[in-house]
Amino acid sequence: MNQLHTPKASRNQDAGRLSFIHPVSGASAGPAAPGGLSRRSSRRAMNPISIFSVFPCTFTSVSALKKTVKKSVLTVAAASLLPLLLVAPAAADSHDDKPKGKSKSTSKKQPSPPAAMSTIGGSLLGRAGTQVTLGKGAPVLPKELSGRSWIVADAENGDVLAAHNAHWRLPPASTLKMLFADTLLPKLPKATTHKVSAEELEDVGPGSSLVGVKEDLSYSVHDLWLGVFLRSGNDAVHVLSAMNGGFDKTVQDMQAHAEELQALDTQVVSPDGYDAAGQVSSAYDLTLIARSGMQKKDFREYASTVSADFPGEMDGKKRETFEIQNTNRLLTGDYGIAPYKGVAGVKNGNTTHAGATFTGVAERNGKVLLVTVMNPDSGESNAVYKETAELFDWGFAASGKVTPVGELVAPRSVPVKDVGKAGPAKNEHGGDTAGAGSGSGNGTAADQVASAGAKETSGGMGTALAIAGGALIALAAAVFVVNRRWPSRRG
């Protein structure tokens, strides 16, 4: 069984922050409804790194005649394949762990964003197209970005540095699992063991990504969360949903949590993100959700885990295990994508209707950024990861040199007076509104959010996002940064 250990923590007295010693190098870390399918159907299947906790982590881890003959053969072959094509699944939530070849562009007209979108977070974020205000010395945005929607935000203070169709409601694919995890993680003790029934797996959609959960075998909640985060296992999602009171209750809980976070572009139909009619989110909402999730210790650890050992079949009295790896290519690297330095999660997804989606968090020189990219259509292999990496590079270079075009708003349960200068009295703000004075808790800060007014409500509905106005100055000296253990080698 793989043993993946927590980096050693040390106190950086000069910076007044908790930093982490890199476990290998020893270096310290610096301070729009979609076309839908039914969600009902069946399945296939298959320990982590702690990047924030100071406690040891035990997650594992021709001639005219020839032309005529050839045409006839092709006609017969095509006719014989037609029935197979008609019964093939129309949507599948991909493992996203296989290289995707470069597809040829088609003449099909691409959809356009709606003329009117939400203005939560700032009026500029409700506009179609790219929104950015460059200052002196600011780099220009990367060229040829093809994502239908994307956003770059400061995870600590909530400033939106740049955005493109930020509130366009699009199918989210498995990035919706971030909301699933943020909603259920506080409710289910990870040491709890559950025996899986056939009924809990029967509604998993055809073609779904699976981790390999089997009926009549027992799994801990911890095992199931590894399956959700690493392999995007819809089978694990359905079992956890059953433990939460059922599929429908889980959908209701997730919707209520999205509304608490003010992720109002989000409509939940299926907890696993499987394509379903009416299921949508936005780059803005996914970024809000990721920011909330990364304040939970277990969420951070699972999201940053590169590989783990997962329970398999019973071999007599002994339980077999097999290794699973994270499908987040900026975390693990693979298929021509190098691990992005400083990345610590969070979630990728890919379905027929959603295309590729990804939300990531990364730290560089004490600055923590969140980037979400939805459905790039360049046709380039792994475009969602490449465009995310380009936006991270731009964001780190542009930080402090651009005027924010909006903000990541605080949850509804956070009183305005606790949010500091950026607390929204309403759901709409001008584009020149200052960024939310709130600490994201990316890094160990989320365990004990070093801020006045930070709180997390019972049941996991709230998030520790609020920073009292009087603590804004102290925040600069108490930023907790993201670090992770790098895999020794990835192909």
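Is Asp182 buried or exposed? Asp182 is buried, with a relative accessible area of 0%, and in this predicted model the residue forms a salt bridge with Lys296, the closest N and O atoms being 2.6 Å apart. The points below take up helix packing, then salt bridges, and finally some backbone features.

**Helix packing around α4**

- Helix α2, covering residues 177-184, packs with helix α4, covering residues 234-243, at an angle of about 30°, and their axes lie 12 Å apart. Because that angle is under 35 degrees, α2 counts as roughly parallel to α4.
- The crossing in which α2 passes α4 is left-handed. On the α2 side the contact is made by Lys177, Phe180 and Leu184, and on the α4 side by Asn234, Val237, Leu240 and Ser241. Sorted by class, this contact of α2 with α4 has 4 nonpolar, 2 polar and 1 charged residues.
- Helix α3, covering residues 221-231, also packs with α4, at an angle of about 140° and with the axes 8 Å apart, and this angle makes α3 oblique to α4.
- The crossing of α3 and α4 is left-handed. Val221, Leu224, Trp225, Gly227 and Val228 of α3 meet Ala236, Val237, Val239, Leu240 and Met243 of α4. By class, the contact of α3 with α4 has 9 nonpolar, 1 polar and no charged residues.
- Val237 and Leu240 of α4 take part in the contact with α2, and Val237 and Leu240 are likewise among the α4 residues that meet α3.

**Salt bridges**

- The count of salt bridges comes to 10, and one of them is the pair of Asp182 and Lys296, with 2.6 Å between the closest N and O atoms. Asp182 lies in helix α2 and Lys296 in the loop between α6 (283-293) and α7 (297-303), so this pair ties together parts that are 114 residues apart in sequence.
- Lys296, at 8% relative accessibility, counts as buried, as does Asp182 at 0%.
- Lys297 and Asp298 meet through their side chains in a salt bridge, at 3.7 Å from N to O. Lys297 is partly exposed, with a relative accessible area of 31%, and Asp298 counts as partly exposed at 21%.
- Lys386 forms a salt bridge with Glu380, the closest N and O atoms being 3.0 Å apart. Lys386 counts as partly exposed at 29% relative accessibility, and Glu380 is partly exposed with a relative accessible area of 38%.
- Salt bridges that share partners join Lys190, Lys297, Asp298 and Glu301 into one network.

**Backbone features**

- Most residues other than glycine have a negative phi, and most peptide bonds are trans.
- The peptide bond from Gly345 to Val346 is cis, with omega near 15°, and Val346 has its place in strand β11, residues 343-351.
- Glu144 has a phi near 60°, a positive value in a residue other than glycine. Glu144 lies in the loop between β4 (133-134) and β5 (147-154) and, at 77% relative accessibility, counts as exposed.
- Ser232 has a phi near 55°, again a positive value in a residue other than glycine. Ser232 is found in the loop between α3 and α4 and is buried, with a relative accessible area of 2%, whereas Glu144 is exposed.

Conventions: Residues numbered from 1 in each chain as written. Predicted model: local features only at pLDDT ≥ 70, side-chain atom pairs only at ≥ 80, totals over all residues. Heavy atoms only, no water. Axes fitted to C-alpha atoms, helices over the stretch in contact; angles between N-to-C directions. Helix = DSSP H or I, 4+ residues; strand = E, 2+ residues; numbered from the N terminus. Parallel < 35°, antiparallel > 145°, perpendicular 65-115°, else oblique. Left-handed = near helix turned anticlockwise from the far one by under 90°. Contact = heavy atoms within 4.5 Å. Nonpolar A, V, L, I, M, F, W, Y, C, P; charged D, E, K, R; others polar. Salt bridge = Lys/Arg side-chain N within 4 Å of Asp/Glu carboxyl O. Buried < 20%, exposed > 50% of the residue type's maximum accessible area, 1.4 Å probe, protein only.
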